Each structure stands twice: as structure tokens, then as C-alpha cells.
Amino acid sequence: MKELFIKTEKQREWLEKLAVLEKGIKENAQRNDEESIFPHENIKRLREIGYPKVTLPTEYGGEGMNVYDAILLQETLGSYDGSTALSIGWTLLTVGDVYETKSWAEEKLKEFANDVKNGAIINKIFSEVITGSPVRGGRPGTSAVKKGNKWVINGRKAYATCSPELDYFLVTAWIQEIENIGNFLIHKDTEGLSIDETWDVIAMKSTGSHDLVLENVEVDESNLVEIPKYQTGFKLNGWLLIIPATYLGIAQAARDYAVEFANTHSPNSIKGTIATLPNVQALIGEIDLLLMQARYTLYGAAQSCIDLMQKGEISTEDAANIANAVNVAKYTVTNNAIQVVDKAMRVVGARSLQRNNPLQRYYRDVRAGLHNPPMDDLTIKKLAESALKL
């Protein structure tokens, strides 16, 4: 089905580059999950093929891929290993967003691009326990205070995905003197920055989504890269589709496992394989229906976002349409992915619950998508507000 969404030779070239890494990424996924091991080797291989720069524009030395291209790659990588895909996906998202919106000073964009070309990876670290989801507008407890020509930052951030390998942290902090949020670019080796290894969960266990601790971290004035105009410090745009694409990949992996199992499993109570059974055929058909619904929604939303951004001037209505497209795609993909894995487990039966079976990992991992922004209730609320013009 994914073949229908491949449009260019460049997309095929990059899918072939990822395919070379498939075996190596898959073979350690089970052990990494069991022992909560961060996939350092996978990230190293992705750096080596230039994956961090795929969404960096060509004028800055990158591959110049748009959000449609990126979700195609992320879906594929997610089918290899969800934790690896989610970890590196935030770099593609952040780089794509920053350079599309040109939200930083040009000098800073050029400087950072040189690092990205050399394999640097980054994540937006916005979440805090006290604020909940960043899209809901809670004021960060992390603070930034100006001292001379430096900013001094203190606070604790949660869910710093890919923290064991991040080169840069894009951190939100409250600036009291202007009563606004600021986005600060902080290098991993900055004094006072540390990682508290708090990530102890049952889903996406290998993402290293630990807490980021900032104790009197000093950065130059230029590292205040943006003072957001949007209220929450977290904007919804097309690049956020990279995250649900990862969960779609996991669902595809579950589907492929279930199909392979149905075509090969032959209990002695029947002639042939279970693929001939009506109930199994019904489940497989429902799985593919859910995947097609999710895929058309996701790629359609991506193309709509690209089309709107190419208009140049984005109106308030355009921005609302982009936000709704992103929200609906994330909602549809995540919830469909959960159903896909559940149905795949019904095809396979009780052995899908064995710890050495990948389906139980897929089952846990796709549920993590419910807790990535935007949340389901916010999606429904925003659609209602748009319809009622509130």
C-alpha cells in the first residue's frame, strides 16, 4: 500500500538507504526493549547516512525534503523499530520547522546548519511535569534570567526523548522581565546541564526520554533563538506529522507479522493455513482498511500543509486549517494503529503475548502515541470550535 504514496526518485533513493539498515535495526529491537537500552548503534548508522539533514533545506547544505517526504521515511523507519524512529524523528521535525519558518536569526540558522550537516541531532524540550502537555498553554517552571550578556537558565524538563545522543536541546523557559516564553538553544556540553535517567515505562522503552536538568546553565545572548508569538510556545504545523508517521510504521509491522503468520500457521485441526478461515480473513481485511484510512489521512494532511505553506502569506484561516489537518491526522493514525495491533494479536492468538513476540512490543509502543501532542480531546474541541466559529 505504501508504494502508492512514493512520488519521486529521491524518496526511493532514501528508502533504499534505510533498507540497508533494516536488518541491523530490527535484530536488536527486542533486547533493547527488554532491557531499556538506548539504540546508540542505530543512531550512529543514521548519522552516517546523513539522516539528520534530510529536512535541512538544500541552500543550507541539506537534502531539502518536505514533510511529505519525511513522513514516508519515518513510517518506514518506524516499521523497523519504533523507539529508534521516534528518537531521531524529533530532529527531522525540529530542523524542518525551524528552517521552514525561519524563526531564528539568519546567522544562527547558518551556524546551526553546519552542525546538522555533520550529523548533529536536536529535540524540542518543552514538557514539564507541572505544566502537562505543552500545547495546553501552561507556563514553564524553567526560568531564564539575564545577567550581563548571558542568560542563566534553571529548571527541569520531562520527556527529553533521545537524550543519550542529543547534541542540542531546544528548551523553553519563562523570561520574567518580558513576561513571555523564550526558546533557548543549548549544547549538550554546557556546564550545569545534566540528564536524570528517569525513563521507566512500558512503552517506547528505548527512547531515553529522561529528564533534562538545568542548574545555572549560562548561554550567550544569541542562544535565545526565538521569542514565540504563539501563546503556548508549542505550535502545531505540518512537521508534527512526523510523529504519528512513526506509529503508522509500527502498525504496518504488526500487520506484516500477522499476514505472515496467517499464511504459514497450519494447526492440525484444519487443512491448509489459517489464512483460509473467514474470521482471519475478516481481521486482515479490517487491518488493511484501518491502515488505508490512516495513510490517506496522514499523507493527505501533509500535502495540504505543503500546499498552504507554498501560498506564502498564511492567513488566520490557513493556520487553523493546518492545525486541524495535523490534529485529525494524528488522531486517526494513532487510534487506527492501536486497533491494527489489537487485531493482529487476535490473528496470532495467545502467542502474541509471549515476551519474545514483537506484537506485544508493538501493542505497548503504539499506545504511547496517545500521549504525544495533540491529545484526542483537544482535536475534538478544536474541530467543534471551527465548526461553530468560536
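## Helix α10, tucked inside

Let's start with helix α10, which covers residues 358-367. In this predicted model, 8 of the 10 residues of α10 are buried, so the helix is largely enclosed by the rest of the structure. The buried ones are P358, L359, Q360, R361, Y362, R364, D365 and V366.

With a relative accessibility of 16%, P358 counts as buried, because the cut-off for buried is under 20%.

## How α7 meets α10

Now follow α7 as it runs past α10. The two helices pack at an angle of about 155°, and their axes are 10 Å apart. Angles over 145 degrees count as roughly antiparallel, so that is the label for α7 and α10. As for handedness, α7 passes α10 in a left-handed crossing. On the α7 side, the contact is made by Y247, I250, A253, A254 and Y257. On the α10 side, the partners are P358, L359, Y362, D365 and V366.

One pair shows how the chain comes back on itself here. P358 and A253 are 105 residues apart along the chain, yet their C-alpha atoms are separated by 9.1 Å.

## How α7 meets α9

Helix α7 also packs against α9. Here the angle is about 20°, with the axes 9 Å apart. Angles under 35 degrees count as roughly parallel, and α7 and α9 are therefore roughly parallel to each other. Once again the crossing is a left-handed one, with α7 passing α9.

Which residues of α7 and α9 meet? From α7 come P244, Y247, L248, A251, A254, R255, Y257, A258, F261 and A262. From α9 come K330, V333, A337, V340, V341, A344, V347 and V348. Y247, A254 and Y257 of α7 turn up in the contact with α9, and they are also listed in the contact with α10.

## T332, a buried spot in α9

T332 lies in helix α9. Is T332 buried or exposed? T332 is buried, at a relative accessible area of 17%. Setting aside neighbours within four places in sequence, T332 is in contact with Q293, A294 and T297. T332 and P244 are 88 residues apart in sequence, while in space their C-alpha atoms are 9.1 Å apart.

## Loops with something to notice

Next, a look at some loops. The peptide bond joining P373 and P374 is cis, with omega at about -5°. You'll find P374 in the loop between α10 and α11 (376-388).

Two residues have a positive phi although neither is a glycine: S36, at about 55°, and E179, at about 50°. S36 is in the loop between α2 and α3 (40-48), whereas E179 is in the loop between β4 (168-175) and β5 (180-187). As for accessibility, S36 is partly exposed, with a relative accessible area of 38%. E179 comes out at 56% and counts as exposed, because the exposed class begins over 50%.

## T161 and its contacts

T161 also lies in a loop, between β3 (150-160) and β4, but T161 is buried, with a relative accessible area of 7%. Leaving out residues up to four places away in sequence, T161 touches L86, S87, W90, N123, L166, T207, G208 and S209.

## Cysteines and disulfides

How many disulfides does a search of the whole structure find? The count is 0. C162 is buried, with a relative accessible area of 0%. C305 is buried as well, at 4%.

Methods:
Residues numbered from 1 in each chain as written. Predicted model: local features only at pLDDT ≥ 70, side-chain atom pairs only at ≥ 80, totals over all residues. Heavy atoms only, no water. Disulfide = S-S within 2.5 Å. Buried < 20%, exposed > 50% of the residue type's maximum accessible area, 1.4 Å probe, protein only. Helix = DSSP H or I, 4+ residues; strand = E, 2+ residues; numbered from the N terminus. Axes fitted to C-alpha atoms, helices over the stretch in contact; angles between N-to-C directions. Parallel < 35°, antiparallel > 145°, perpendicular 65-115°, else oblique. Left-handed = near helix turned anticlockwise from the far one by under 90°. Contact = heavy atoms within 4.5 Å.
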